[in-house]
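Subject: Structure handover

Hi,

Here is the structure I promised to pass on. Please open it and keep it beside you as you read.

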Amino acid sequence: MNTEVRPNVDMLNWAIARAGYNLRDFTARFPKVQEWLSGAKHPTLKQLEDFSHRVHLPFGYLFLDQPPQEALAFPFFRTGSGQQQGVSLNVYDTILLIQKRQDWLVEYLADNEFPVLSFVGSAADETDPLVIVNSIRRTLNLEPVWANRMRSWADALDFLAAKLEGAGIQVVFNSVVENNNHRPIEVEECRGFVLVDSYAPFMFVNAADGKAAQMFTIAHELAHIWIGQSAGFDMQQLLPADDPLEKLCDQVAAELLVPADEFNRFWNQNPDINAMPRYFKVSPIVLARRALDLGKMSRAAFFQWYREYQEAVRTKKENTTGGGDFYLTQKKRLGLRYAALVDRAVKEKQLLYREAYQLTGLKGDTYQNFINKL
């Protein structure tokens, strides 16, 4: 005989709304839930467990008297406005996942006497973007036009990510919640976020975005690390939110990727955005943004150009995702340094295998095969 349970009905309503469902649509698909809400019937333990999985909520929450506070611990900036705290459940759960990984890594590094990263927060009082850019270049050993030596902007992205990992910055590329392909993270809502810490700063970059836009996200997040403030952002049209911090980080990103002096020199010789990508190894999107910043293009012309470019990208399906090598994807989703340190902790018997499985989202042979490929 199945045991019936009596969850808090208000929590059921909240859980459905929290997961982004319309109550009427949800109960139409799952009529039993309507009976639970009306009190006509009560769910069995198994039915309620299934419900909690469907709404992505810990089972025990359904018996609370009231919903827990789930506000973000840092601002999430929206283009065209100031900071906003509201994000979708998929973004929220991804932030919690990265925070969990960061909490473990910070404790591990501190316990094993790793040094703090001196560059984190080193530009907290700086307002000149060029000063911050020069500090980033020195720390990462980057030349002003460093990407010019790369074959493509995809290679430049990989090169920059490797530089950051080498400096102690964890870089995560993903477009879904952990490994759940049914829970996408929309680019329009979240291009990325950065969790700043002096031991283990973490960057999250939306892998569904174009490679060049990912490059700009990383450069923007680097500025946040140097300034010492965590944040998330959507950066629609690669434009910042109406906030002084975001505008400063935006200026740093632009100068780091496309130095003003070098852009002006090239523009004076050939004022054609489409002729520049091969030299700067960034996409026309970033170059159009730079033309806007430096007064070479009006805002109206930029927005028109941006719409046309995005439409061309969609037509050519340049940004389609899916498929590919599973283990290569996991390296991107976890970050090589983070995965290597988890493996090191296991081998040093500072971490149990079941804990490593939780920290990587991989289990058993899948976990071991992944580690063997690092």
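Below are notes on helix packing, cavities and one arginine.

This is a predicted model: local features need pLDDT of at least 70, side-chain atom pairs count only at pLDDT 80 or more, and totals for chains, interfaces and linings use all residues. Residues are numbered from 1 along each chain as its sequence is written, and side-chain values use heavy atoms, with hydrogens and water left out.

**Helix pairs**

Two packed helices are described by the angle between their axes and the distance between the axes. Axes are lines fitted to C-alpha atoms, for helices over the stretch in contact, and angles run from 0 to 180 degrees between N-to-C directions. Helices (H or I, at least four residues) and strands (E, at least two) are DSSP runs, numbered from the N terminus.

Start with α1 (residues 9–18) and α3 (residues 31–38). They pack at about 140°, with axes 9 Å apart. α1 and α3 are therefore oblique to each other. On this scale, angles under 35 degrees are roughly parallel, over 145 roughly antiparallel, 65 to 115 roughly perpendicular, and the rest oblique. The α1 and α3 crossing is left-handed. That term applies if the near helix is turned anticlockwise from the far one by less than a right angle; clockwise is right-handed. Val-9, Leu-12, Asn-13 and Ile-16 of α1 make the contact (heavy atoms within 4.5 Å) with Val-33, Trp-36 and Leu-37 of α3. By class, six of these residues are nonpolar, one is polar and none is charged. Ala, Val, Leu, Ile, Met, Phe, Trp, Tyr, Cys and Pro count as nonpolar, Asp, Glu, Lys and Arg as charged, and the others, Gly among them, as polar.

Next come α7 (residues 153–167) and α8 (residues 211–227). Their angle is about 25° and their axes are 9 Å apart. α7 and α8 are therefore roughly parallel. Their crossing is left-handed. The α7 side includes Trp-153 and Leu-160, and the α8 side includes Met-215 and Ile-218. This contact has nine nonpolar residues, one polar and one charged.

Then α5 and α15 (residues 336–347). Their axes come within 11 Å and cross at roughly 60°. α5 and α15 are therefore oblique. Among the residues that meet are Arg-101 and Trp-104 in α5, and Arg-337 and Tyr-338 in α15. Eight residues of the contact are nonpolar, none is polar and three are charged.

**Cavities**

How many cavities of 30 Å³ or more does a search of the whole structure find? It finds two. A cavity is a set of points on a 1 Å grid over the protein atoms alone, where a 1.4 Å probe fits but cannot get out; lining residues have an atom within 4 Å of a point. Points are joined across faces, edges and corners, and a volume is the space filled by probe spheres set on them.

The largest cavity is about 40 Å³. α5 gives the largest share of its lining, four residues. The lining has four nonpolar, two polar and three charged residues.

The second largest cavity is about 30 Å³. Helix α14 (residues 326–334) gives the most to its lining, three residues. Its lining has one nonpolar, four polar and three charged residues.

**One arginine**

Arg-299 sits in helix α13 (residues 299–316). Neighbours within four places in sequence aside, Arg-299 is in contact with Leu-239 and Leu-292. Arg-299 and Arg-354 are 55 residues apart in sequence and 53 Å apart in space, C-alpha to C-alpha.

Best wishes

Note on methods:
1 Å grid on protein atoms, 1.4 Å probe; cavity = no way out; pocket = protein on both sides within 12 Å on 5 of 7 lines; lining within 4 Å.
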